[in-house]
Amino acid sequence: MTMKRYSIHRIISTILLMVYVVSVLSIMKGEKPFETNNFLEFILIGVIVVSITVFGSKDTIKKQFKEDKVEKDERYLKNRNIFSYYFIIFLGLSIPLVLVFASFSGMEQLSLSIIATIFFIIAIIYMVAIEVIKRRF
């Protein structure tokens, strides 16, 4: 992947990540995603972040480009895929157990904000674990 394609890929990834985070955080606060105030804030933050990404230092982009090449190392990919497989298996087995426990404790329904908070925590745990695997190899 050339540097130009890498920069475009990075901008698109940044925008998609912003959409994801804004929508999940809005749901966690009990608001509707992309309401008028949130949407204007989102556009403003998006312009700032994309501007920093585009006009930011070339050294940072080159450094991340080289890191991505190292990241594509076969050993890292193999270990990441193995971890992801077992993480999904763990989630698949633990979700019914958590729901049974919640049922026994008297919880009758889950709100969107609780589900979004749990999803956000799981995503952070997954990203931290992937980063640990990356640094280890």
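1. Four residues of helix α5 are buried: Ala116, Ala129, Ile130 and Ile133. Buried means under 20% relative accessible area with a 1.4 Å probe, protein chains only. Helices are DSSP runs of H or I, at least four residues, numbered from the N terminus.

2. The model is predicted: local features need pLDDT of at least 70, side-chain atom pairs count only at pLDDT 80 or more, and totals for chains, interfaces and linings use all residues. Residues are numbered from 1 along each chain as its sequence is written, and side-chain values use heavy atoms, without hydrogens or water.

3. Helix α5 covers residues 112-136.

4. Ser84 sits in helix α4. It counts as buried because its relative accessibility is 16%. Its side chain makes a polar contact of 2.6 Å with that of Tyr126 (N or O atoms within 3.5 Å, one able to donate a hydrogen and the other to accept it; residues adjacent in sequence count only if both atoms are side-chain atoms). Beyond four places in sequence, Ser84 is in contact (heavy atoms within 4.5 Å) with Tyr126 and Ile130. Ile130 is one of the buried residues of α5.

5. The lining of the second largest pocket has 12 nonpolar residues, 1 polar and no charged. Here Ala, Val, Leu, Ile, Met, Phe, Trp, Tyr, Cys and Pro count as nonpolar, Asp, Glu, Lys and Arg as charged, and the others, Gly among them, as polar. Helix α4 gives the largest share of this lining, 7 residues.

Technical notes: Helices (H or I, at least four residues) and strands (E, at least two) are DSSP runs, numbered from the N terminus. The expected span of a helix is 1.5 Å times one less than its number of residues. Buried means under 20% relative accessible area, exposed over 50%, partly exposed in between (1.4 Å probe, protein chains only).
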